[in-house]
Amino acid sequence: SYYLTSNLTAAAGQNGITVESDDVTIDLNGFTLTGSGATSGHGIYQADTLRNLRVHNGNVVQWGGLGRSGVYADGKNNQFDHIQAATNYWGIWAGEGSTISDCSAPYNRNDGIQTGPGATISACTASYNSGDGLNADWGSTISDCSAYNNSGDGLNADWGSTISDCS
């Protein structure tokens, strides 16, 4: 387990935090990870071969490098809660079987929240994104979410998915 004790700003081209192990918990402790804007890496990065990352309780902003995310965690069975992912290229990119709850994703240059298959997204808000608000792969569940003023779809879920109690 790791936790922040202050805000963190990364230099151009650098990731804020790179996760290189399974079963990691990061408590942002209410602090903000700030990128360098158009030249940034990812705010938090996890490769697709890893699993069981939990990130909660903070902000990831200005990770706007081409194809970069506030949180890019393409591994399996990850958990994200109480995160604001704003003004990034992608807000939160989560891998297969991930759970995202009580998060907000406003003003991102592409999708606010994007997931792999079998994800669960609940009580999240996505607004003013240049792509979709919430975009979930097949077999996912989206519930109690709100998506508005996005340039793409508000909510987009692939086959076998369920959307309930959303606006």
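Which residues form a nonpolar patch on the surface? In this predicted model, the patch consists of Tyr107, Tyr128 and Tyr148, and together they have about 330 Å² of accessible area. One of these residues, Tyr128, sits in the loop that runs between strand 15 (125–127) and strand 16 (134–136). Its relative accessibility is 38%, so Tyr128 counts as partly exposed.

Next come the charged side chains. The structure holds 1 salt bridge. The partners are Asp81 and Arg54, and their closest N and O atoms are 3.0 Å apart. Asp81 has a relative accessibility of 11% and counts as buried, because the cut-off for buried is under 20%. Arg54, with a relative accessible area of 28%, is partly exposed.

With a relative accessible area of 27%, Ser164 is partly exposed. Which residues is Ser164 in contact with, leaving aside its neighbours within four places in sequence? They are Ile142, Ser143 and Asp144. Thr32 is 132 residues from Ser164 along the chain, and the C-alpha atoms of Thr32 and Ser164 are separated by 31 Å.

Notes
Residues are numbered from 1 along each chain as its sequence is written. This is a predicted model: local features need pLDDT of at least 70, side-chain atom pairs count only at pLDDT 80 or more; totals for chains, interfaces and linings use all residues. Side-chain values use heavy atoms; hydrogens and water are left out. A salt bridge is a side-chain nitrogen of Lys or Arg within 4 Å of a carboxyl oxygen of Asp or Glu. Buried means under 20% relative accessible area, exposed over 50%, partly exposed in between (1.4 Å probe, protein chains only). Contact means heavy atoms within 4.5 Å. Patches are made of residues with over 30% relative accessible area and no salt bridge: like charges are joined within 9 Å, nonpolar side chains (Val, Leu, Ile, Met, Phe, Trp, Tyr) within 5 Å. Accessible areas come from the Shrake-Rupley method with a 1.4 Å probe; for residues, only the protein chains shown count as cover. Helices (H or I, at least four residues) and strands (E, at least two) are DSSP runs, numbered from the N terminus.
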